[in-house]
Structures are given as structure tokens and as C-alpha cells.
Amino acid sequence: MPAFQTTPGTRDILPPDASRWRAFVDVFASVVERAGYEQIVLPMFEDLGVFQRLGDTTDVVTKEMYDFVDKGGRHVALRPEQTAGVCRAFVQHHPNVPWKVWYSGPNFRYEKAQQGRYRQFDQVGIEVLGVDDPLLDVEVISLAHSFYRELGLCDVELRVNSLGDTGDRARYVDALAAYLRSRETELSRESQATLARNPLRVLDSKRAEDREVVAQAPSISGFFSHGAASHFAAVQEGLALLGIDFVVDDRLVRGLDYYRSTTFEFVSTALDAAQTAIGGGGRYDGLVEDLGGDPTPGIGFAIGVDRTLLACDAESTFAAPDGTADVFVVDTTGGRTALLLAAQLRGAGLRTERAYGAKSMKSQMKTANRSRAAVAVIIGEDELARGVATVRPMDGGEQTHCPLDAVVATVLDIVSKGKS
Ligand code: AMP
């Protein structure tokens, strides 16, 4: 066993998975940039207070934060998510609204590590600040939906709910708490503890003992104000207009305390695991104010990269991009010609590999074959003496000898014919 290994909940993303990872972010960027979202890059750690605004009954804040006092005596924390950072940046920089941003990158939560649940995990996401329009909620949800489609995922279920406005939510939480207390002895021990801290989260319980009590709990829809009800109705109409299937799940409360009004979650029905939520989000009107800004409506979502890629595996879609080289340079004359030719071929945009060290022709050709490159460019003593290179299509096509200054054009020609 090596002396050091990754610590629990962290992983190395090795080739070719790392290129698949990057391609994933590229697809996401293209989907949301088409809708006018611009990239933001936030610090990975911030003042602890920024994240504490996410709510003192949120597990992410109370139990899972990687926080520490730095050498300057500041109490900071690794970000557990990026919405709070976006809102902090909004208050700090006063951008014009609507502020439409997207992000990608790692977050950190001290969770129980398991398949699909890590302590360092990546998300891509968007946030929009400054607009309270139900049709924006539809746009935001539809962008996540389009992204999943673009990855080739089909078995994704969209669940939507509304938590009402702040007053509705508070009245509902009171009623729910009263109901749950009246049946407290029937709840699991864990849910009894959750009830004391955050009654809403009891609705998240997947435990068999809690099922009946949760099923009979009052529904939030009975507590909607007129405004909240019509907002939610408009969201559902908009989704229907776009032909996006969804189910209304009145038990969907989501992990973070700051959510209001529209909430949603995407679940992979192809994943046969405990962790099937591949993304989710909602409105968080109020968070900017909590961070010291003017009252500003906000909405966004975050998609788990790790878990969505597991869903892609389950649906056999979005494979790692093909990293095969276009051309392989073999040089048995000392390597200087290979150095020069490889630089020229790469400069022309060709994916170029070569062998290193003074290996024999046989050994270098073996590596060239293994690389599955479309073309081999070979320089032996004979070629060197004549100032040419042998250009050999690896599919068995006819090889040619061409002057060194014509190699790039010849290879480009063969590669582009092979691709067309
Ligand atoms: P949240 O920020 O909790 O709303 O989570 C949004 C999405 O991020 C989830 O649907 C998951 O796909 C993903 N996610 C959250 N926590 C983790 C984790 N610990 N490990 C892997 N993915 C996660």
C-alpha cells in the first residue's frame, strides 16, 4: 500500500474521465451561454458568516462545514455550495440586474462518503438575481432540462413544488410542527431529532417508520397566499407550454433553508442507488438581504457533476471524448526531426504523439499502432539522408515519401479525408 492515498470522500479524476468532465462543463456552458448567462468564478473559501446565512437549521451549515481559523485569525470555510457566494458577490459589486451567471467547480461538505456522495464534489449551476417573474423560473428549469437532454439523458424526472412566500412558509412550518408533534412517538428517533431542529426536513425522511406520518402530513398548498398560488400556477403553465413533463411533489422541501416559492429537483430514474437526485434548485428571495444587500429576488439551480455522470453511465450516454491522436511521429535518427515535425504538426492543429528515447523502429511502430493514430510519419536513416519522411496511413493505405516541408499538408489531407 502506498504511504498516501486520497482521503475519504475525495477522488482522483483520472484520464480519460477528466476530459469527459471538461466536456460536461463545455456542454453546460454552451447551453446556458445561449440564454445569456455569463461565467463567474468565486473563491473556494469565504468568511464563515457568508455560509451561516444559509440557515442555522441546515445540516450543510451546522454539521458539514469545513471551517477553520486561518493564520490571520479569520474564521473561514470551504464553500459547501455556490449560491451564497454569488449573492455575496452581488452585494459587493452592485452589478446591473438581471444578473445572470453560471459557475462550475468543487464544493466541500463533511458528509458520510458513499457512491454518489462525496466530501469534495463538483457542481455546475446558474443563478439569476433581480427578477421576480414566474416565467424566469420556467426558463431556469428549462435550461437544466435542455442540458440533461443534450447529454443524452432520457430517464430524468422533474419534480416541482412551491414553498409559498415567507409568510406562507412560516405558517405551514407551524402547522406541520404541530401535526408532527401530535404523532411524535410514531416517528423514527432520527426524525424526532429533526423535528426539534427543522420540522420541514422530516418530510425528506426516507425511513419506513416515518412513511405513514409523512404521507398524512398537511400539504403546503393549503397555505399558499393568492400571490404564491398564482406564481406557482404560472410556472406549471409555462413548463406545459414548453412540453416539459413534471410532477408536483408537495413533499419536496430541499436541503437548504433559504428556499422560497418555486423549488424543483431532477431525479435520475436510471440510477439504482440511494443517491438519485442529480440536480435541483429554487427561489431564494431573501438571501441577498440576509447578506446585507437590498431585498432582491433570486433563483438558480445546481447540478451535481459526479452524480449526473453516474446517470450518464447508467444510460450509456455521453462517453469520454475520443482522445486518439491524429498522427504519430517515429524517428530513429536521434529525435531532432521528430521534435521539429511534431511541433509543426501540432501547430497545424493536429493531435500529434511521438515516441521518446532512442527506441528501435520496431518498438516505436508498436507504440504508434497502439496509439490508434490515423497516420504515422516515419524518419529513419534512409529518410534522413534523402531529406524526406515516410507518411503511412495506418488503415493500410498507400504510403508516400514526401519532403519534410510537405509533411504537414500531406498528413492534414489524409486526416481530413478520414474524418469526412
Ligand atoms: P444541493 O446543493 O444540496 O441542492 O445539491 C444539488 C446537487 O448537487 C444534488 O442534486 C447532487 O446531484 C449534488 N450533490 C450534493 N451534495 C453532493 C455530494 N456530497 N456528493 C456528490 N454530489 C452532491
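## Strand 14 and I378

I378 sits in strand 14, which spans residues 375-379; strands here are DSSP runs of E with at least two residues, helices are runs of H or I with at least four residues, and both are numbered from the N terminus. This is a predicted model, where local features need pLDDT of at least 70, side-chain atom pairs count only at pLDDT 80 or more, and totals for chains, interfaces and linings use all residues. Residues are numbered from 1 along each chain as its sequence is written, and side-chain values use heavy atoms, with hydrogens and water left out.

With a relative accessible area of 4%, I378 is buried (buried is under 20%, exposed is over 50%, and partly exposed is in between, using a 1.4 Å probe and protein chains only). Leaving out neighbours within four places in sequence, I378 is in contact with V330, M361, M365, E383, A389, T390 and R392, where contact means heavy atoms within 4.5 Å. As for F328, I378 is 50 residues from it in sequence, and their C-alpha atoms are 8.4 Å apart in space.

## Two arginines

R169 belongs to helix 6, residues 166-182. Is R169 buried or exposed? R169 is buried, at 11% relative accessible area. The R169 side chain reaches the backbone oxygen of Y259 at 2.6 Å. Not counting residues up to four places away in sequence, R169 touches L163, L200, D257, Y259 and R260.

R370 is found in helix 14, residues 361-371. R370 has a relative accessible area of 60% and is exposed. R370 and A89 are 281 residues apart along the chain, and 49 Å separates their C-alpha atoms.

Now for the helix pairs. Two packed helices are described by the angle between their axes and the distance between the axes. The axes are lines fitted to C-alpha atoms, for helices over the stretch in contact, and the angles run from 0 to 180 degrees between N-to-C directions.

Helix 5 (residues 134-151) packs on helix 10 (residues 226-241) at about 45°, and their axes are 8 Å apart. The two are therefore oblique to each other; under 35 degrees counts as roughly parallel, over 145 as roughly antiparallel, 65 to 115 as roughly perpendicular, and the rest as oblique. P134, L135, D137, V138 and I141 of helix 5 meet H231, A234, V235, G238 and L239 of helix 10. By class, that contact splits into seven nonpolar, two polar and one charged (Ala, Val, Leu, Ile, Met, Phe, Trp, Tyr, Cys and Pro count as nonpolar, Asp, Glu, Lys and Arg as charged, and the others, Gly among them, as polar).

## Helix 13 against helix 16

Helix 13 (residues 336-347) and helix 16 (residues 407-419) have axes 10 Å apart and pack at about 50°. That makes helix 13 oblique to helix 16. L341, Q344 and L345 from helix 13 meet V407, V408 and V411 from helix 16. The contact has five nonpolar residues, one polar and no charged ones.

## Helix 1 against helix 12

What is the crossing angle of helix 1 and helix 12? The axes of helix 1 (residues 17-33) and helix 12 (residues 305-314) cross at roughly 105° and come within 11 Å. These two helices are therefore roughly perpendicular to each other.

From helix 1, R20, W21 and F24 meet V305, D306, T308, L309, C312 and D313 in helix 12. The residues of this contact divide into five nonpolar, one polar and three charged.

Technical notes. Polar contact = N/O pair within 3.5 Å; in protein donor to acceptor, adjacent residues only side chain to side chain.
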